[in-house]
Amino acid sequence: MKSLVYQTNGLTVYNSNGEITYRVENYDKSSNEVHIMDLHGNILFTIRKKKIWLFGSWYVYRECGTFSSTEEVKPFLRIKRSSIRDGDWEVRDETNEVFWILRFDPKFSFQIININGDIIAQVKPKQSSNGITLGEDVLTWEVKPRVDHSLVVTFVTVYGLIKGVV
């Protein structure tokens, strides 16, 4: 959960070979906009927080070139507090498919499940081979086959924004 850019907020995602695959940068912690980038710095998604009454929602936009904040662009994902389970988050994509982010405990551990209740990804603090946690900001992910990894990166990023660590 550390940025590659000095003194900015964000996270860096490595694959199982230790190679950087995604970067997330939040250059201004008070900003309502965060960018998910590939290894080369190309923006894949833009996440924007929308304040609705007392609650916030997170909208994720596919990056298709530049667009201004005044343009109406349909979000790829909408993330909001679950009305079914306290403390969990509901995710709807542009086709209205539903996912949930289910938290486990106050630490950064959660599962992402689909509408059928199947776990598509699980995120938890990484542990060494002898069971020592490497830090609350060092995570390991288990992602099911044929699941878009950039989608999981987006879920993890939004959860980090919700928790105030990105």
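Me: Which ring does the charged end of R78 sit over?
Reply: The ring of Y59, at 5.1 Å from its centre. A charge counts as over a ring if NZ of Lys or CZ of Arg is within 6 Å of the ring centre and within 35 degrees of the ring normal.
Me: And what does R62 lie over?
Reply: The face of F76, 3.8 Å from the ring centre.
Me: Where do these coordinates come from?
Reply: It's a predicted model, where local features need pLDDT of at least 70, side-chain atom pairs count only at pLDDT 80 or more, and totals for chains, interfaces and linings use all residues. Residues are numbered from 1 along each chain as its sequence is written, and side-chain values use heavy atoms, leaving out hydrogens and water.
Me: OK, how many aromatic pairs?
Reply: Three. Rings of Phe, Tyr and Trp (its six-membered ring) pair if their centres lie within 6.5 Å; planes under 30 degrees apart are stacked, over 60 edge-to-face, the rest tilted. One of the pairs is F110 with Y159, tilted, at 4.3 Å centre to centre and 40° between planes.
Me: What does that pair tie together?
Reply: F110 is in strand 9 (residues 110-114) and Y159 in helix 1 (residues 149-163), so parts 49 residues apart in sequence are joined. Helices (H or I, at least four residues) and strands (E, at least two) are DSSP runs numbered from the N terminus.
Me: Switching to T154: buried or exposed?
Reply: Buried, at 0% relative accessible area; buried means under 20%, exposed over 50%, partly exposed in between (1.4 Å probe, protein chains only).
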